Amino acid sequence: MHSTLLSLITYLPLAGALLAFLCGGRGADQDRTAKWLGLWTSIIVLGLSVVMWCGFDPLQPGLQYQARLSWLSDYGISYHTGVDGISLAFILLTAFLTPLAMAAGWRTVQTQARDFVVAMLMLETALFGVFSAQDLVLFYVFYEATLIPASLMIGVWGGPKRVWASLQFFLFTFGGSLFMLIALIAMWLHAGTTDIPALMQAGFSWQSQVWLLLAFVLAFGVKLPLFPLHGWLPDAYSEAPTPASAMLSGVLSKTGAYGLLRFGVMMFPDAAHTFAPYVLALGVVAIIYAAFIAFAQTDMKRVVAYSSFSHMGMIAVGLFTLTAEGIDGAIFQMLSHGVVIAALFFCVSAVAWRSETRQIDALGGVARQMPVLALLTMLFTMANIGLPGTGSFVGELLVLMGAIHVSFWVALLAGSTMIMGAVYMLTLYRRVLFGGVKGTVGLLRDLTPVEIAVLAPLAIVTVWMGVHPGSFTRLFDPVVMQAFHGGMDAVASTSHQAVTHLASR
């Protein structure tokens, strides 16, 4: 039973996508059937992943729910999946956001709804595959497979500049993945296998570690995105239809951070120390740069897009502090950011869909017409800033605790995300929701029961993560501790020396 549960969770959405694709009927009937099918499939998958969460034992080291089939066994390549605490956390995040994104697209996706459902479910399968693959070739296959439905969702159902946004997104990510493919082949030549647990023990020389890590940083840096590889992000996020924006920012960008953690920091610890000062610097630049650009945006959705970029810089900083706290914080921040940013995209869309504009200047006084939306948006705005009592606060606090080990300046500059986040988020909130009623705002109606059903679970989870973070950290903390406790003190001193050396220049 144990091994089949993970496979069931992974491939059930694919089966749902096939059914939705083949479902009969004409036009509107067919779309309605497909939507219900997609929603129920993703809800059942969420239920199964909760079952997996309940049956998971965080204190048992190593992988659980493993499945292994011979595939290209002559070449040391097998179909090998399994989860540890880190993977499980992201599988839960994916399973939680997919049904909400499906429901959010109920009214906003009007054309070809059946194909949209198919793309969404295929994306879900590919994401589960990415987070549970324990073989590099398998990981690569799933990682590339996320690209196709994501690009289609932007390119077919997006805004006016959707084709350009979709092409940019595809080329950036695909170009980055090429480096991963080269690194994968180099690792296979060295070790004779692509099994991830085996590669962890393969013992690469320092020089080859540096080159391999460079390749992985380029590959996953595009997805994160790390500054200066973020060219695709604003267009992709703001042109994509809302459910796709939520999945892109909520889960897809986390595949980059997950890859950096799995194949960068954990697999090549020696090279990670060499890279740490540079990645920390890029992370801090991203945090500050994105915050300033977010403040200058005139389109609500672009403010949220740049805010997402700023927070991903925080995650990069957490990963490369190379301390247990920093990495715990980064993982926690990925989870809470996934929930909050998806919620913010849903809130923005609720206003934009009604008023038919996303321009901040054209809106004002929305809170009078939509009090429930105003209340929920306030919660998510505060969560995005990192108010104590919300999940983001816990993540940012842990990251800063890790950053203090490295250097005071990294912690200070990374901590500025809270202050600058407050500036652009509260300005957005004040201009759109308060003030005099402008234009068509007087005609707006408050959230429908469906929209409340989408936003309420997100609100509950945000507060739950802030009030009782232990229910999530206990999943991945043992994995992080095991990986980072052995050589931790040596690491802190070397990265401290490196940062001081950079600063003294």
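This is a predicted model: local features need pLDDT of at least 70, side-chain atom pairs count only at pLDDT 80 or more; totals for chains, interfaces and linings use all residues.
Pro225 sits in the loop that joins helix 9 (206-223) and helix 10 (233-239), and Pro228 lies in that loop between helix 9 and helix 10 too.

| Peptide bond | Form | Omega |
|---|---|---|
| Leu224 to Pro225 | cis | near -10° |
| Phe227 to Pro228 | cis | near -5° |

As a reminder, most peptide bonds are trans, and most residues other than glycine have a negative phi. With that background, have a look at Tyr65 as well: its phi is near 55°, a positive value in a residue other than glycine. Tyr65 belongs to strand 1 (residues 64-72).

Next comes a pair of helices. Helix 5 (residues 136-145) packs with helix 6 (residues 147-157) at an angle of about 10°, and their axes are 4 Å apart. Angles under 35 degrees count as roughly parallel, so helix 5 is roughly parallel to helix 6. Helix 5 brings Tyr143, Glu144 and Ala145 to the contact, while helix 6 brings Leu147, Ile148 and Pro149. Sorted by class, the contact of helix 5 with helix 6 holds 5 nonpolar residues, 1 charged residue and no polar ones.

Finally, which residues form the nonpolar patch on the surface? They are Ile404, Phe408, Trp409, Leu412 and Leu413, and together they have about 540 Å² of accessible area. Helix 18 (residues 408-433) gives the most to the nonpolar patch, with 4 residues. Phe408, a member of the patch, is placed in helix 18.

Technical notes
Residues are numbered from 1 along each chain as its sequence is written. Side-chain values use heavy atoms; hydrogens and water are left out. Patches are made of residues with over 30% relative accessible area and no salt bridge: like charges are joined within 9 Å, nonpolar side chains (Val, Leu, Ile, Met, Phe, Trp, Tyr) within 5 Å. Accessible areas come from the Shrake-Rupley method with a 1.4 Å probe; for residues, only the protein chains shown count as cover. A salt bridge is a side-chain nitrogen of Lys or Arg within 4 Å of a carboxyl oxygen of Asp or Glu. Helices (H or I, at least four residues) and strands (E, at least two) are DSSP runs, numbered from the N terminus. Axes are lines fitted to C-alpha atoms, for helices over the stretch in contact, and angles run from 0 to 180 degrees between N-to-C directions. Angles under 35 degrees count as roughly parallel, over 145 as roughly antiparallel, 65 to 115 as roughly perpendicular and the rest as oblique. Contact means heavy atoms within 4.5 Å. Ala, Val, Leu, Ile, Met, Phe, Trp, Tyr, Cys and Pro count as nonpolar, Asp, Glu, Lys and Arg as charged, and the others, Gly among them, as polar.
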